[in-house]
Amino acid sequence: MSSTVDHILQNYESDNAQTKKNLHKILMHGRLGGTGKLVILPVDQGFEHGPARSFGVNPASYDPHYHYNLGVEAGCSAYAAPLGALESGYKTFKGKIPTILKMNSSNSLFNNQRAPDQAVTASVDDAVRLGCAAIGFTIYPGSDQGMAQMEEFRALSREAKANGIATVLWAYVRGGDVTKDGETAIDNIAYGAHMACLLGAHIVKVKLPSDFVENPEAAKVFKNIVTKTQEDRVREVVKSCFDGRRMVVFSGGGKKEGGSVLQDAKDIKNGGGNGSIIGRNSFQRPFDEGKRLLTDIMDIYKS
């Protein structure tokens, strides 16, 4: 136990010893172990975008073992994936990296702009059977289905915590009357992150916010909040996560230049965020290049 990790775990006052043990497992694993920072490898894009769009640019990544290996060799804090992908490498990689079972997913064949939704595709029993440290779940605040998703998470989170398993909640604002620019608006991102904390998530995942403010009532307040730089906006999201009492990591989004990904990591670090959850920007590159990018990100968080 590092003093930094001990301080973080003290913020989770109601959790049982096994849940804290699983949070500890993630926080102490890999190159960032003990620092309080996280770099998680998520690979659920096959569900979201289809296999060719996700893996065709790097055909070796069609194999789920590729992603397990990438997470292990890069020294990631954890590997998050849907049920079938985790099952495919369970025996080979057992104990080599903490795993997060992604419990729900959407797909690009389903296209309801007002009511984007995700199907529950796994159970807490699956997470127990696979020795997962956490479950992952997505909600879409703003969607006409958002309320039902929150109720689904409430039930799954309660069951997971009873079994000593931590929770990671993806909070992606979209649907309903949310505009495209509003999906990354600073007021909406901070609002979604705060709702994730209120729902009891141990770790919150959100997109990096822009300087746009969508809600007119929120704009009246944000006139007095500094959001000019990405670092400023990360700091505001951290405040929204119970003033840092809950961990928040930021998604890498679609594939972009490595320098931009590294600048994001610097801004997250300087803004007080807990780290990155990087998928396509790592596994859509050749293995050694993706591994190097992940380790470079970790070096920023360690510096």
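Figure 1. Ser 251 touches Tyr 172, Lys 205, Val 206, Lys 207, Leu 208 and Ile 277, leaving out residues up to four places away in sequence; contact means heavy atoms within 4.5 Å. Residues are numbered from 1 along each chain as its sequence is written, and side-chain values use heavy atoms, with hydrogens and water left out. Because the model is predicted, local features need pLDDT of at least 70 and side-chain atom pairs count only at pLDDT 80 or more, whereas totals for chains, interfaces and linings use all residues.

**Figure 2. The closed barrel and its strand β1.** Eight strands form a closed barrel with parallel pairing, in the order β1-β2-β3-β6-β7-β8-β9-β10; two strands pair if DSSP finds at least two bridges between them. Neighbouring strands of this sheet are turned by 25° against each other on average, direction ignored; axes are lines fitted to C-alpha atoms, for helices over the stretch in contact, and angles run from 0 to 180 degrees between N-to-C directions. Strand β1 (residues 38-42) is largely enclosed by the rest of the structure, because five of its five residues are buried. On one side these are Leu 38, Ile 40 and Pro 42, and on the other Val 39 and Leu 41. In a regular strand the side chains alternate between the two faces of the sheet. Three bridges link β1 in parallel to β10 (residues 275-277), with Val 39 opposite Ser 276. Three bridges also join β1 to the parallel strand β2 (residues 78-81), and here Ile 40 stands opposite Ala 78.

**Figure 3. Strands β7 and β8 with helix α10.** β7 (residues 166-171) and β8 (residues 203-206) pair in the parallel sense over three bridges, and Val 168 stands opposite Ile 203 in β8. Helix α10 packs on the sheet and touches both β7 and β8, its direction making about 155° with that of β8.

**Figure 4. The largest pocket.** The volume of this pocket is about 910 Å³. On a 1 Å grid over the protein atoms alone, a pocket is an open set of points where a 1.4 Å probe fits, with protein on both sides within 12 Å along at least five of seven lines; lining residues have an atom within 4 Å of a point. Grid points are joined across faces, edges and corners, and a volume is the space filled by probe spheres set on the points. Of the 39 lining residues, Glu 48, His 49, Tyr 140, Arg 174 and Lys 207 lie nearest the centre. Helix α3 (residues 45-49) gives the most to the lining, with three residues.

**Figure 5. The second largest pocket.** About 370 Å³ of space lies in this pocket. Its 18 lining residues include Pro 141, Gly 142, Val 178, Asn 188 and Tyr 191, the closest to its centre. Helices α9 (146-162) and α10 (186-198) each supply at least two lining residues, and the largest share, five residues, comes from α10.

How values were computed: Buried means under 20% relative accessible area, exposed over 50%, partly exposed in between (1.4 Å probe, protein chains only). Helices (H or I, at least four residues) and strands (E, at least two) are DSSP runs, numbered from the N terminus.
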